Amino acid sequence: MRAPLVLARHELRLLASLGLWIARREHGTRTGTAFGYARGQGAMMFGFGFVCVIEAVMMAVLLRNHPAVHRVVLMLDVYTLVLVAGMHAASVVRPHVLDGDCLRVRRAAQVDLRIPLEKIAQVRRELRTTHERADGELNLAVGAQTSVTIELTEPVAHFTFLGRRRDVQLVRLHADDAHHLVRALTQARSAPSPRPEPPATTPV
């Protein structure tokens, strides 16, 4: 029963992201600095959409003598096209966010991982186009590539699409401007902590 609820919630997020995209707004970036990652997948998502349109046209020709079936198939084709657009919209309106003492790592509506800056041991630019699944690693490739690698001092909890917990200590992600993200993270990690206020003295 859990899987249908997760899928329904995910589709609602995609539809909400499509609305934000149309309104030119972003999700969760009000107080932080956003780092986009969707630029590298635009052509691929356009290709998926084009395939959906061609499939709808072909089915219309094949089912022209079965109007009732054609209406059902057409509705499914249109909904599929909306979901494809929603997937790309979610990647655009849900960027990575550097906010205070935390980096919020995201990928569309599937992944939303908060990494405290104090747990980051090293961050570097590293372009990788192949990713093998390994324990303790999270690879968030966009267009089959990642451009930033983050090593952690201790694991953080990541929950998969269906809610299964994975402890990860190395995160690879993609950013349209990887250099800017690495530089911002480095500066945020090296920023001096605010000086504590002296304790209040009690008058004698």
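Which elements cover the buried residues of α3? Among them are α1 (2-22), α2 (42-62) and β3 (102-107).

This is a predicted model, in which local features need pLDDT of at least 70 and side-chain atom pairs count only at pLDDT 80 or more, while totals for chains, interfaces and linings use all residues. Residues are numbered from 1 along each chain as its sequence is written, and side-chain values use heavy atoms, with hydrogens and water left out.

Select residues 67-93 to see helix α3 (helices are DSSP runs of H or I, at least four residues; strands are runs of E, at least two; both are numbered from the N terminus). Its 27 residues reach 38 Å from first C-alpha to last, close to the 39 Å expected (1.5 Å times one less than the number of residues). The buried residues of α3 include Val 73, Asp 77, Leu 83 and His 88 (buried: under 20% relative accessible area, 1.4 Å probe, protein chains only).

Next, select Arg 166 in strand β8, residues 165-173. Arg 166 is buried but has no salt bridge (a side-chain nitrogen of Lys or Arg within 4 Å of a carboxyl oxygen of Asp or Glu). The nearest side chain of opposite charge, Asp 135, is 5.6 Å away. The Arg 166 side chain does reach the backbone oxygen of Ala 134, at 3.4 Å.

Finish at Ala 178 in helix α4, residues 178-190. Ala 178 is buried, with a relative accessible area of 8%. Not counting residues up to four places away in sequence, Ala 178 touches Arg 125, Ser 147 and Val 148 (contact: heavy atoms within 4.5 Å).

Notes:
Buried means under 20% relative accessible area, exposed over 50%, partly exposed in between (1.4 Å probe, protein chains only). Lys and Arg count as positive and Asp and Glu as negative; His and the chain ends are not counted. A polar contact is a pair of N or O atoms within 3.5 Å; within protein, one must be able to donate a hydrogen and the other to accept it, and residues adjacent in sequence count only if both atoms are side-chain atoms.
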